[in-house]
Amino acid sequence: MKITNAEVIVTSPDRNFVTLKLTTDEGITGLGDATLNGRELSVVAYLKDHVVPLLIGRDADKIEDTWQFLYRGAYWRRGPVTMAAIASVDMALWDIKGKKADMPVYQLLGGASRDGLLAYGHASGKTTEELFESVHRHLELGYRAIRIQTGVPGLKSIYGIASVTADKPEGVRYDHEPAVRGDLPNEEDWDTRSYLRHVPGVFEAVRNEFGPELPLLHDAHHRLTPMQAAKLGKSLEPYDLFWLEDCTPAENQDALRWVRHHTTTPLAIGEIFNTVWDYKQIISEQLIDYVRSAVTHTGGITHLKKVLDYASLFQIKSGMHGPTDISPVGMAAAMHLGLAIHNFGIQEYMMHGGRTNQVFQQSFTWNNGLLHPGDNPGLGVELETDEAGKYPYVRAYLPYNRLADGTIHDW
Ligand code: CS2
Ligand code: MG
C-alpha cells in the first residue's frame, strides 16, 4: 500500500492546529497532529518542504522503518520541530494501519489494559473563592482529578488562570489563551518568593474544602531553582498531591536529584521533551514519577511507547500532556496509547472548544471521569476539510515572563 498524497492542513477554529493528512493508493487516509503551540508554521515548513516529498511512494505499512528513515535520515536529530513532524507522520500511519485492519489503534498496540483513562482538568482562580468555584465546575463536569492553579497576590497576570469576566461567567478558558492571538507575545509577571509563600496555603484551603481524597495536581511550569522546587515539594507534602509538575527546568537532569532528596511529593516532567534521550537520566535514576510527554511532541505513538516501556522498568507511569494545544488527533493518539500500556498514570484533558469539535469529528467517550478512545478503526478522528477551511491561521504567541526588575524568567 503506497502513500500517494500528503496534505498539511492548518486551521484555527479556537486556536491554531497543524494536521498532516496522508492518502494511500487503497484510498485509506490517516491523520497526524503536528501542532507546536506558538511555532506552528515552523512544523508546516518542515513537513511541506522536507518531509512530504520523501513520503510520496513510500510503503504506508512500514511505520517503524519510516520513523527510522525520518529520524536518522535527517542527520540533524531531536528538537520539538523535527519530532512534531515525525510524530504527525507516525500517527497518520497508525491511523491508516488501524483502518486497514478494521481495528482501533489500541488493539494493534496490544489491546485494552483498563476500562478507561482517569483524566484531570484545570481548575484555577485569582482568589480562593474563584478557585473553589472552578473546582466545583470541574467536579460537575465529571472530573475525578483536578489541577489547581492560583493567582499570587501582587502579580498581575500569571500562567494558568482562566479569566472569569462578567460577560463570560464560565471563564475565558485560559488554555485557549496561552498562545494569545496577535503580532507580539504578551508579557506576564512573576515573583518566586511571593509564589512560594502563597501556594501551600491555597492547597490547605482546597483540602479543607474538598477533603483528603480528591487527586490534586499542580504545575510549577519550569519556574523554580532546584532548591526552590525542593522547598515547594516539601511544603506541599501535607496536602498529598497526585503530582507536582515541571518544578524546575529539566534540561539540567541532575537538578531533579536535589529535589528528590528533599521531598516525597510525586514529580511529573517532560511536556517540552521530545525524545527518550531527554528522559534517560531522570528515568534511570528514578528522579520522576510521571512522563509528561504528548504523542504529538515526542515522535508519535511509536517513540512515546518506547519511552513509556523504558519508564515501566522503573515503575514510572504516563501522564500525557493534553491541553487544548494538543489537537483532537493528538488526544486520540494519547488515548489509544494510554489504554494499551500497563503503566498508564493519568491523562490531561482540557476539553476543546465548540468550533474545534466541529472541525475534528471525534469518537472518544468521556464518562464518569474516564476517557476512552472508542472502537472506530484507526484513531477515530476525521477532519472536516470545509469546516477547517473556515478558520485560517492566526499568528499567536505564548506569553513570556519578566521579573519585577525586568529580567526575563521562564514562563
Ligand atoms: C501546561 C500547558 O497543560 C499544561 O501542563 O504546561 O498548558 C502549556 O502551558 C501549554 O501546553 C503550552 O503550549
Ligand atoms: Mg504543564
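Predicted model: local features only at pLDDT ≥ 70, side-chain atom pairs only at ≥ 80, totals over all residues.
Ground rules. Local features need pLDDT of at least 70, side-chain atom pairs count only at pLDDT 80 or more, and totals for chains, interfaces and linings use all residues. Residues are numbered from 1 along each chain as its sequence is written, chains are lettered from A and ligands numbered from 1 in written order, and side-chain values use heavy atoms, leaving out hydrogens and water.

The helices, then. Helices are DSSP runs of H or I, at least four residues; strands are runs of E, at least two; both are numbered from the N terminus. Take α1, residues 40-55, and α3, residues 80-101. They pack at about 50°, axes 10 Å apart. Axes are lines fitted to C-alpha atoms over the stretch in contact, with angles from 0 to 180 degrees between N-to-C directions. Under 35 degrees is roughly parallel, over 145 roughly antiparallel, 65 to 115 roughly perpendicular, the rest oblique. So α1 and α3 are oblique to each other.

Who meets whom? From α1: Ser42, Val43, Tyr46, Leu47, Val51 and Leu55. From α3: Val81, Thr82, Ala84, Ala85, Ser88 and Val89. Contact means heavy atoms within 4.5 Å.

Next, Asn343. Asn343 sits in the loop between α11 (328-340) and β15 (347-348). Its relative accessibility is 7%, so Asn343 counts as buried (under 20% relative accessible area; exposed is over 50%, partly exposed in between; 1.4 Å probe, protein chains only). Its side chain reaches two backbone oxygens: Leu308 at 2.9 Å and Ile316, also at 2.9 Å. Leaving out residues up to four places away in sequence, Asn343 touches Leu308, Ala311, Ser312, Ile316, Lys317 and Ser318.

Terms used: Polar contact = N/O pair within 3.5 Å; in protein donor to acceptor, adjacent residues only side chain to side chain.
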